[in-house]
Structures are given as structure tokens and as C-alpha cells.
Amino acid sequence: MKIKKNYKIIISVALFVVLTAILVYGIIKGDFFTTLFNGRTL
Amino acid sequence: MKTRLITQIAGSILPNSYFQVIATKTIYQGRLKGICAPLFNCYACPLAVVSCPIGTLQHFSAIGKIPYYVIGYLGIIGLAVGRMACGWICPFGFFQDLIAKIKIRKFRFPSYLGYMRYFILVILVFIIPFLTHEPWFTKLCPWGTIEAGIPWILWNSNFRSLISNIYYLKLAILVGFLGLMLIFKRPFCFLACPLGAIFALFNKISIIRLGVDIESCTRCDRCLRDCPVNIRVYENPNSHNCIRCLKCTRCSKVSVYSIFSKKPMSHEEELEAGYQVNSKS
């Protein structure tokens, strides 16, 4: 049971690190400015 | 649950606080629009100060780029709390909760219909915008129609020349969902929300989770009656359909825990450990 719980923690921490790296890479690449599109809703 | 009402009101007002639009009559396009709020809020709403993450994902698909920032951002939120943003801050979710207060008998969707969300996410948010270079989900989005499509047409006569058949189609989709809202709780969240689909991927692995004391649960279905998306929490506490509103935690057998803390103990385990059991309900 304890091993299963540790696996969950390891997976969550690993995912967190990967997602943070993706986020930081996106910010460095300048994704913020790519989101400034014209809202084409009509 | 007044706290949830306050966060839902804040989630509806704060991303829509560009009141200068009354003077400018054009949408805000400043730097804040580079930020996606982790909720369903139309970029083109006259009052919007932040972007819709689904609009942004479509935009990246349409221009053939990978949306690293949005993937990382939504992933971190999903990993932390799963679909909690749907239950606590989403303006469209709040709107559906308000309509659900109309006292008409509510029905339940079969749980397999929840998989439609993923289909809509993949087809309308990624594949079709990539192939056509147009944000097709945005063009059909019922919340976009309420927040932007209808207000702009009524308010600014210049936009009336842009009305096409697609506008009537999105109006029909909106009317369809409004009808469903009368007889189902949160039909858009359950059937069609692509943002909910992204967060739902994390419900089973998120840091914050729900747990049920299965041994002492009497299956009285109180959780089902409280749940805005009609889930029997004891069957699957971290279901991908759960919006983590935490209404079910009114029952003492359901609790929230983090993977870093201990999972809630069963009644027997608590007795074995020598804890005094305090019943909340």
C-alpha cells in the first residue's frame, strides 16, 4: 500500500516538473504574445 | 457552500472587468489578454480582460504551432486540483448552476456520454482548426454566443453585417443547451466542455482527491442528490465527470485528501487506531 502511495507521489512530482518545464519554455518562447489573436466569434 | 458562491461570482466578474468598453466600444487587447484564465470565458466578450484557454489552443492549432505555455499552465492546474476550476470559478458552470435552480425534474446523463467531451476537444479544438486554419469550436461555442455573439450584435450595428449562417447555427446550439439546462444539471460541462475534458484527464492523478469511507458508507445516495453532475461518489470518487465542487463532502463518509497526506481512514481503521469518530451528518 505504501509502495503504491509512493508511486503516486513520484508520478505527480515528475509530471509537475515536466509541466513546469513546458510552461517556462512556452513563456520564454513568447507564447503570451501568440495568444493575442483577434477573437473571431461571429 | 457560500464560499463556492463567492468564488463563482468572483470567477465571473474578475475576468470580465473591462468597463472602459462602454467608451471604446472595442474589445480589450492589452497585455493581460496574453494570459489565459483557467476557466471558460470568451476572449471576445466586451468586458473580457483575459483569454479563453480553449480559444488559445485553437489559435495555436490553426497556425500550426505547439501551445507550450497553455499545455504547461492547464496541466499544472489539473495536476494540482483536477476539475476544481469547473466547480468553483467557471462562469459558464455558474450560469448552468443558476439555471438548474429552476424547479423542474432533473434527469441523469448516462456516464458514457461524458466521453463526448474528449471527442469535441480532439476534433473541434485541435484537428479541424489545424486543417481549416479557423477556430471552429469558438465559432459554435454557446457561451461565446451569450458573452460575445449576442451582446456585440445588439450593441454595435457594425457587426450585423458579419452575421452568416454560422451565427444562426450557434444560436440554435445555444437554444439547445439552454433547453438541456432545464432538465439536466450542467449539460455543457458533462457533454461538451473541452476545458473540462483537459482537466478531467487529471482527476484520477491530481494531488487533491476525494475519498470515500467505503466500509461505513450506507449508499444512501445523499451524494447523488447533492452532486451537480449526478455522480454516485461512492462508486467512483475521482470520476472524470466530477467537477470537484465538494458538495458531496457534506456527508461525513466523503472527504478531500492530498496524496501527500494520509488517505481518509475507514470507520474500522479509525477505531483500530483509537480515534474518536465524530459524525458530521
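This is a short walk through a two-part picture: how chain B is divided and packed, and where chain B touches chain A.

Okay, housekeeping. We're looking at a predicted model, where local features need pLDDT of at least 70 and side-chain atom pairs count only at pLDDT 80 or more, while totals for chains, interfaces and linings use all residues. Residues are numbered from 1 along each chain as its sequence is written, and chains are lettered from A and ligands numbered from 1 in the order in which they are written.

Let's start with chain B. The assignment, which is an automatic or database one, gives domain 1 at 2-200 and domain 2 at 208-272. Taken over C-alpha atoms, their centres are 29 Å apart. As for the contact, 20 residues of domain 1 of chain B meet 10 residues of domain 2 of chain B; "in contact" here is C-beta atoms, placed from the backbone, within 7 Å.

So which helix gives the most to the domain 1 side? That's helix 5 of chain B, with four residues. Helices, by the way, are DSSP runs of H or I, at least four residues, and strands are E runs of at least two, numbered from the N terminus. That side of domain 1 of chain B splits into nine nonpolar, five polar and six charged residues. For the classes, Ala, Val, Leu, Ile, Met, Phe, Trp, Tyr, Cys and Pro are nonpolar, Asp, Glu, Lys and Arg are charged, and the others, Gly among them, are polar.

Now the chain interface. Here 36 residues of chain B contact 25 residues of chain A. Helix 3 (53-62), helix 4 and helix 9 (142-155) of chain B each supply at least two residues on the chain B side, and helix 4 gives the most, with eight. By class, that side has 23 nonpolar, 11 polar and two charged residues. Chain A itself has two helices and zero strands.

On the helix 9 side of chain B, the contact uses P142(B), T145(B), I146(B) and G149(B). Helix 10 of chain B brings residues including Y167(B), K170(B) and F177(B). Seven nonpolar, two polar and one charged residues make up that contact.
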